[in-house]
Amino acid sequence: MSTCSFQAGGASFENASARTDPRRAWRRRIEPCLWLAPLMVLLVLVILLPTAVVLWLSFQTTQYFKPVSFAGFANYAAVLGSGNFRQLTSNSLIYVFGSLALVLPSGLVIAVLLKAAGRLGAILRPLLLVPWTLSMAVVGSLWLFLLNPSFGPASYLMREFGISLGLMLGDPRFALALLIVTTAWWSIPYAMVMSTAALQGIPRELYEAVAIDGGGAITQFRHVTLPQVMPTLASIGLTLAILYLTLITLIIVLTGGGPLGATSTWSFEVFRSSFQDINVAPAAVLSIVVLCANLVLGLVYQRISRRPR
């Protein structure tokens, strides 16, 4: 008892001395800032400064990356009002939502099946993770071989079943759909793993209650599994949407934005324009568009992640 009193008295004495000593009080206030200083410098150099430069370039007329004259909002009016921007927007939205439409239900269904499979599911789960561990360049090269119209296994099987997709990735009618399929194959394992984690957090008592009321597997999935994993699915969807909006490696390897711009998205056009066009201001405008879209998705993700489950 006396020891506790002594410690409490010592602590109060130290606090009082800190309040009376301005140098010690200033040191306590400045110490957290010193710890955070390297992170803040990195944040400014890697994120804020490049963003400010891109925003500044979007209001200029440039010769490569050298500003020539101030253009104001003329760049935004020219880019946002062009037919090319409408096609890029259509391609980007179809690519993002088409990929999510395949990835989210597939990842959830595979997670449910693996959970029901028990020990066999535990063995298969690491094998199904392989596509997600591959780089996008490797994934693109693999699917280039599979979808080759001359000797690819996929095109051969389609011909055997009487299905003809022409040049496949070289056909404007099918290129974007095949790009979506490739992207979904690569990212389904991520949705599977996250869905598996959500399934493991569902109380068993909920399934038992539905079973007592006479509900079968479909009823359990509809009234227990799906409502419980919906917040996780929303988080997965927003995370992947942000990833898809900025994804260019897979597009470069598979189609190069073609044929006839059928697979060119906002981010890919930024990449192409930055290296091929003399005036990079339109690419800067598109970069700001991608940034705004990602900020909106990030804010939605933040609200969902803070919502009580």
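At what angle do the axes of helix α7 and helix α9 cross?

1. This is a predicted model, where local features need pLDDT of at least 70, side-chain atom pairs count only at pLDDT 80 or more, and totals for chains, interfaces and linings use all residues. Residues are numbered from 1 along each chain as its sequence is written, and side-chain values use heavy atoms, without hydrogens and water.

2. Helix α7 (residues 136–146) and helix α9 (residues 175–200) cross at roughly 130°, and their axes come within 11 Å. α7 is therefore oblique to α9 (oblique is what remains after under 35 degrees, roughly parallel; over 145, roughly antiparallel; and 65 to 115, roughly perpendicular). The crossing is right-handed.

3. From α7, the contact uses M136, V139, L142 and W143; from α9, V181, T182, W185 and W186 (contact means heavy atoms within 4.5 Å). Seven of these residues are nonpolar, one is polar and none is charged.

4. N75 sits in helix α3 (residues 74–80). N75 is buried, at 10% relative accessibility (buried means under 20% relative accessible area, exposed over 50%, partly exposed in between, with a 1.4 Å probe and protein chains only). A polar atom of the N75 side chain lies 2.7 Å from the backbone oxygen of Q60. Leaving aside neighbours within four places in sequence, N75 touches L57, S58, F59, Q60, A281 and V285.

5. S58 belongs to the loop between α2 (22–57) and β1 (60–63). S58 is buried too, with a relative accessible area of 0%. A polar atom of its side chain is 2.5 Å from the backbone oxygen of L55. Beyond four places in sequence, the contacts of S58 include N75, G72, Y76 and I288.

Methods
Axes are lines fitted to C-alpha atoms, for helices over the stretch in contact, and angles run from 0 to 180 degrees between N-to-C directions. Helices (H or I, at least four residues) and strands (E, at least two) are DSSP runs, numbered from the N terminus. A crossing is left-handed if the near helix is turned anticlockwise from the far one by less than a right angle, and right-handed if clockwise. Ala, Val, Leu, Ile, Met, Phe, Trp, Tyr, Cys and Pro count as nonpolar, Asp, Glu, Lys and Arg as charged, and the others, Gly among them, as polar. A polar contact is a pair of N or O atoms within 3.5 Å; within protein, one must be able to donate a hydrogen and the other to accept it, and residues adjacent in sequence count only if both atoms are side-chain atoms.
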